[in-house]
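Hi everyone, thanks for coming. Let me put the structure up, and then I'll walk you through a couple of its helices.

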Amino acid sequence: MPDFFIVGAPKSGTTSLYTMLRQHPQIYMPDLKEPQFFASPPRPELAHWLPREAKRPHTLDEYLALFADAQPAQRVGESSTFYISSPTAAAKIAELQPHARIIAILREPVSFLRSLHLTLLLIAYESETDLQTAMSLQQARREGKQIPPHCVRPQLLQYSEHVRYVEQLRRFEERFAPGQVLVLINDDLWSDVRAMVRQVLRFLDVDEQQPIQPVKTNVTKRAVRSPRLRDALESLAAWRGPPRSGRAEQLLRKSVRSLRRRAMMGDPPPLDEAFALELRSRFKPEVVALGDHLGRDLVSLWGYDGVS
């Protein structure tokens, strides 16, 4: 079992941290980021069929096999960003690894939701290209209606739930001792990458002087222009089944990815300013509560001072 878990949140710097930690010789993290083994379960009819889900472990033996190459002296970890929003992940992790160390990175709510929405569009979990429209569908989707056909985890479409930061942290804090949970703020990562990485290395009890090359990855800069084309490509991938080896297979997948980039992607439209202000007003209580919880002035840091 892993010694530590990067539990989220998505679009908050977890991929960068995962990539940097993998440079450290005293740390082992598998090639597969986002195993999602302890997250809320996927829709069973899609879990083994879509190529993206077929790569993920579905049994404990498959999960443990991800860490088979770790050396005895290494700290072993994994990064699955939807653990933090899962109502059950903390308990499941604690049951199997009560001494685990938990790392969370949190981001200003509106920019986070904007980036998350673009990513869910990209991976075909979302079908509405407008964030405001997508958020207006939360109740219907909670009732199982208007779920995109390739959305493996419909609970991810409950956008407002993703920014209940204090509630999410408490699920882990109730299961793990205070010294086992490290909460980071996305802004700190980019203001001083090396300082934050050293903080994480100290938390993991490995050599903090080990040189780590700063990495900034997975920045959402593109948006889905044609959900219909994206869904058609996802259906093609699902019809063909899980990924297989072989040169012909690789060439076909490369061609599909190229078509996807050229025909489907475009620059993301700006977020409506009035709706952004509405969201900031809606989520200010969450920002205040998180600041109080962490003992930090996040209202000023995230520019919520003048929001009523």
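**Two helices in a predicted model**

Let's begin at the start of H14, where a side-chain oxygen of aspartate 272 comes within 3.2 Å of the backbone nitrogen of alanine 274. A word on the source: this is a predicted model, where local features need pLDDT of at least 70, side-chain atom pairs count only at pLDDT 80 or more, and totals for chains, interfaces and linings use all residues. Residues are numbered from 1 along each chain as its sequence is written, and side-chain values use heavy atoms, with hydrogens and water left out.

Helices here are DSSP runs of H or I with at least four residues, strands are E runs of at least two, and both are numbered from the N terminus. The protein chain has 15 helices and seven strands.

Back to H14, residues 273-294: where does this helix bend? The bend is at phenylalanine 283, by about 45° (the angle between axes fitted to the seven residues ending there and the seven starting there). Proline 285 follows within four residues. Phe283 is also one of the buried residues of H14, buried being under 20% relative accessible area with a 1.4 Å probe, protein chains only. The partners that H14's buried residues pack against include strand S4 and helix H6, counting contacts as heavy atoms within 4.5 Å. Just after H14, glycine 295 has a positive phi of about 70°.

Now H11, residues 193-203, whose buried residues include Val193, Met196 and Val197. Viewed down the axis, the buried residues of H11 fall within an arc of 160°, so they line one face of the helix; the arc is taken from the directions from the helix axis to the C-beta atoms. Their packing partners include S4 and helix H10.

Note on methods
Buried means under 20% relative accessible area, exposed over 50%, partly exposed in between (1.4 Å probe, protein chains only). A polar contact is a pair of N or O atoms within 3.5 Å; within protein, one must be able to donate a hydrogen and the other to accept it, and residues adjacent in sequence count only if both atoms are side-chain atoms.
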